[in-house]
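Take a look at the entry first.

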Amino acid sequence: MIRPSFTAVNYSLRPSKTIQRSIVFDGLRRLQEILNWDRAAYLGFGSIWFTDFILAHRVLGLGRMISVEENLIGYRRACFNRPYKFVQVVRGRSSDVLPDIFAQARFRNTPTILWLDYDSEITEAIIEELRWAVVEAKDDSVLLVTIDATDKLYGINTKQRLARLAELFGDRATRSLQREEVKDPQLAETIGSLVMSMLKNVSRRTAKSNPIIPAFQIPYRDKAAMVTVGAVFPSPELQRKTLTKIQSPSWGGFVTEPIVAPHLTSKEVAVLQGALPSREELTRRSVQELGFDLEVDQLRAFQEHYRRYPTFAQVLS
Amino acid sequence: VVEIARANANASRAFFVRMLTRDIAVEDCILDLIDNSVDSAWRGLGKKPLGLQSGPDFSQVKIEIDFDETKFSIKDNSGGMSLDVAKNYAFTFGRIDEDREDEAEFSIGVYGIGLKRAMFKLGRGIDIFSTHGNGADAISFAVPINVDKWVKGKSNNWDFPIDEAPALSSPGMHIKISKLTELAKSTLGDTDFETLLTDMIARDYSLHLFHGLNVTVNKKRVEGRIFKLLSGGEFEPLNEYYVEKIGNGTVTVEIAAGYAFPPPETNDPTEKSEREERSGWYVACNGRIVMAADKSILSVWGDDFPGWHPQYTGFFGIILFSSDETELLPLTTTKRSVDTSSIVYRRARPKMKTPTRAWIDYTNARKNEVVAAEKRESLATQTSIFSMSHSAKVALPSLKRTGPRETSIQFRVEMERAKKLARALGDVTLANREVGKRAFDYTYDELVDDE
């Protein structure tokens with residue numbers, strides 16, 4: 001039996017994931033300034049932690065939410081852990097239950113923020129689901145997908161990985177890929193770009209009245225190399241405005257260097273944050289002066305994302 | 001008879017543009033523009049038919065195609081268009097045949113609509129540049145067409161302006177298209193389109209490319225596809241030709257058919273096969289492949305003949321019609337199919353059925369004799385259709401039973417589980433049947449006590 005991921009990973013303790021989520025919600029908040037989300041619904045995999053659902057309510061003020069959970073025990077725990085009264089938990093595989101949900105009258109003209117936050121590698125079934133999601137995306141909707149881009153999931157060597165990606169995305173999309181692009185750490189970005197191209201092509205090929213605009217591509221890594229890809233489908237009259245916003249230099253949804261946040265104690269975080277923002281790069285020496293030590297790349301990652309760095313505390317009782 | 005009035009039968013420009021561009025795909029428009037360049041080059045190379053083993057030398061001819069989401073350009077060094085042709089023929093809607101018979105020899109353009117249709121389909125801002133002749137005699141001009149403005153024109157005179165223009169780097173044509181149509185924008189913007197177009201050119205101009213033609217797509221050179229058939233051992237592909245007389249004209253017909261690769265071991269529809277996509281009948285008119293890998297009644301399949309089945313994967317047949325009278329060829333206006341009412345084509349179809357039938361019989365016998373068949377197949381080698389020897393019929397081994405009887409086992413599992421097992425076996429890209437085979441062998445070794 002496949003063990004559902006909520007039993008393996010404590011969702012709240014992944015700093016890179018937390019930073020990624022914060023970038024996404026920053027972007028969503030800015031999109032909300034343009035798009036018409038009065039009746040928008042948030043759909044996703046809330047698991048038993050509902051972290052993104054809580055943000056969707058706190059940051060965006062959304063009040064219609066559905067979480068999909070396949071596993072029976074997970075479903076019961078999710079029902080128990082629902083953070084708000086309006087969060088509905090639906091049991092089933094997302095590719096089975098989402099079409100039924102989208103077909104309901106109450107969702108007919110509803111913009112949806114759909115986050116397919118998978119823990120697994122991308123599969124044929126997920127690609128099919130994404131194609132469906134692009135076709136079904138109503139005006140002002142957002143589609144996000146997160147997948148595991150760990151190299152060994154796609155083959156034990158570059159040759160296998162190239163062949164596997166060709167199987168998934170088609171020979172035409174992958175023919176010009178170089179061996180370097182399917183090695184860790186580039187693989188996450190490569191897969192992110194393949195997913196994005198695939199989404200764009202579906203939108204073009206189906207002549208959508210609300211054509212897709214890419215908005216997020218965020219590789220990050222806690223234990224596994226993950227990538228989140230997202231896009232928005234503004235109504236025709238909001239296309240230009242949305243595009244301008246996403247193309248502005250202050251848009252943070254496109255992250256080139258994978259986010260690899262170091263694991264820090266809350267004491268370390270507090271001290272480091274006290275030294276930021278700073279025009280200069282933090283050095284090991286400056287950290288040593290603060291009383292401890294860190295690797296240079298850990299420092300770099302912290303400095304880049306310090307505003308979003310989460311603090312965790314374990315309650316010992 | 002007393003005429004009391006005249007009924008207006010004039011077409012509107014807008015109607016023409018709309019009708020002309022209705023039934024053609026963007027990629028076929030681009031191929032139409034390539035045809036234009038090829039025809040122009042061909043005229044310069046003398047009147048010589050294009051066959052599998054002989055043809056004009058296209059090695060000095062260069063066609064450059066460049067595009068992105070906002071614009072399209074095709075440039076050639078095929079000699080360009082004379083001012084006379086531009087003034088009187090190239091832009092007429094429909095060809096004025098009588099005056100131009102010698103121009104038509106071995107061409108692929110036949111209806112006199114390809115160029116206009118292609119340009120109108122792609123965009124609303126069109127600029128055509130041409131340089132014709134060499135040195136001091138060279139004449140260069142530009143034809144700018146603002147489609148939106150032209151369509152609104154009210155007069156019955158449908159002229160386009162011809163302007164003075166600087167000379168191109170070598171005699172030839174350069175067509176630039178901007179203000180792309182919605183369809184062209186989404187097609188040219190598709191990230192898979194560059195490879196799709198490259199594949200189409202590699203396939204549909206494989207004869208021209210083999211005979212030297214240079215084509216680049218966004219600066220990348222297109223390598224022509226080389227079709228290969230098994231020969232040697234007990235295999236021999238069919239390769240023959242004959243001449244068909246129609247009225248005063250003649251059409252040379254060359255036909256090649258045989259066995260490209262082994263048929264699949266499973267007929268599982270979820271296993272999509274590139275090999276199956278490539279199998280079937282190909283039809284070429286004056287060298288240009290107009291129907292590729294056909295598995296329908298347009299070639300031989302169905303009706304009074306077996307319909308296509310994945311079991312027949314591996315069959316490859318190509319029939320080439322060449323004539324200096326393009327009208328005699330089974331061309332359609334979009335060049336993406338064949339005209340089944342054409343006399344030469346109707347006469348050729350029975351000849352296409354014979355090698356197809358031999359292949360069908362072979363694959364039927366092969367199902368029960370896979371090991372014997374594979375052994376014989378391994379003795380043959382893949383030979384390019386551009387270097388085959390003549391053979392009036394296709395030869396295939398006759399399969400007689402050898403060794404123990406075989407059976408096949410088929411079962412279905414969740415796709416994700418199959419992938420996981422493949423990964424655990426060390427290669428996530430293993431074919432399903434190989435995963436099944438190894439699972440069988442593994443269980444067999446564990447459980448069966450073989451003496």
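Q: What kind of model is this, and how are residues and chains labelled?
A: This is a predicted model, where local features need pLDDT of at least 70, side-chain atom pairs count only at pLDDT 80 or more, and totals for chains, interfaces and linings use all residues. Residues are numbered from 1 along each chain as its sequence is written, chains are lettered from A and ligands numbered from 1 in the order in which they are written, and side-chain values use heavy atoms, with hydrogens and water left out.

Q: How many salt bridges does a search of the whole structure find?
A: Side chains of opposite charge can pair when their charged atoms come close. A salt bridge here is a side-chain nitrogen of Lys or Arg within 4 Å of a carboxyl oxygen of Asp or Glu. Over all chains, the search finds 39 salt bridges.

Q: Where do E167(A) and K419(B) lie?
A: E167(A) forms a salt bridge with K419(B), and their closest N and O atoms are 2.9 Å apart. E167(A) lies in helix α6 (residues 158–169) of chain A and K419(B) in helix α12 (residues 415–424) of chain B, so the pair joins two chains. Helices (H or I, at least four residues) are DSSP runs, numbered from the N terminus.

Q: Is K419(B) buried or exposed?
A: Buried means under 20% relative accessible area, exposed over 50%, and partly exposed in between (1.4 Å probe, protein chains only). K419(B) is buried, at 14%. E167(A) is partly exposed, at 30%.

Q: Which residues are linked with E167(A) in a network of salt bridges?
A: The network links E124(A), R164(A), E167(A) and K419(B).

Q: How many residues apart are R438(B) and E434(B) in their helix?
A: R438(B) and E434(B) meet in a salt bridge, at 3.2 Å from N to O. They are four residues apart in helix α13 (residues 432–447) of chain B, so about one helical turn separates them. R438(B) is partly exposed at 33% relative accessibility. E434(B) is partly exposed too, at 30%.

Q: What does K71(B) form with D68(B)?
A: K71(B) forms a salt bridge with D68(B), the closest N and O atoms being 2.6 Å apart. K71(B) is partly exposed, at 45% relative accessibility. D68(B) is partly exposed, with a relative accessible area of 28%.

Q: How much area do chain B and chain A bury between them?
A: The size of an interface is often given as the accessible area lost when the parts come together. Buried area is that loss (1.4 Å probe), summed over both parts. Chain B and chain A bury about 1800 Å², with 43% of it on carbon and sulfur atoms. The contact (heavy atoms within 4.5 Å) takes 19 residues from chain B and 22 residues from chain A.

Q: How many salt bridges are counted between chain B and chain A?
A: The count is seven salt bridges. E69(B) and R204(A) meet in a salt bridge, at 3.6 Å from N to O.

Q: Which helices of chain B each supply at least two residues to the side that touches chain A?
A: They are α6 (182–189), α7 (193–204) and α12 of chain B. On that side of chain B, α12(B) gives the most, with five residues.

Note on methods:
Buried area is the accessible area (1.4 Å probe) that two parts lose on being put together, summed over both.
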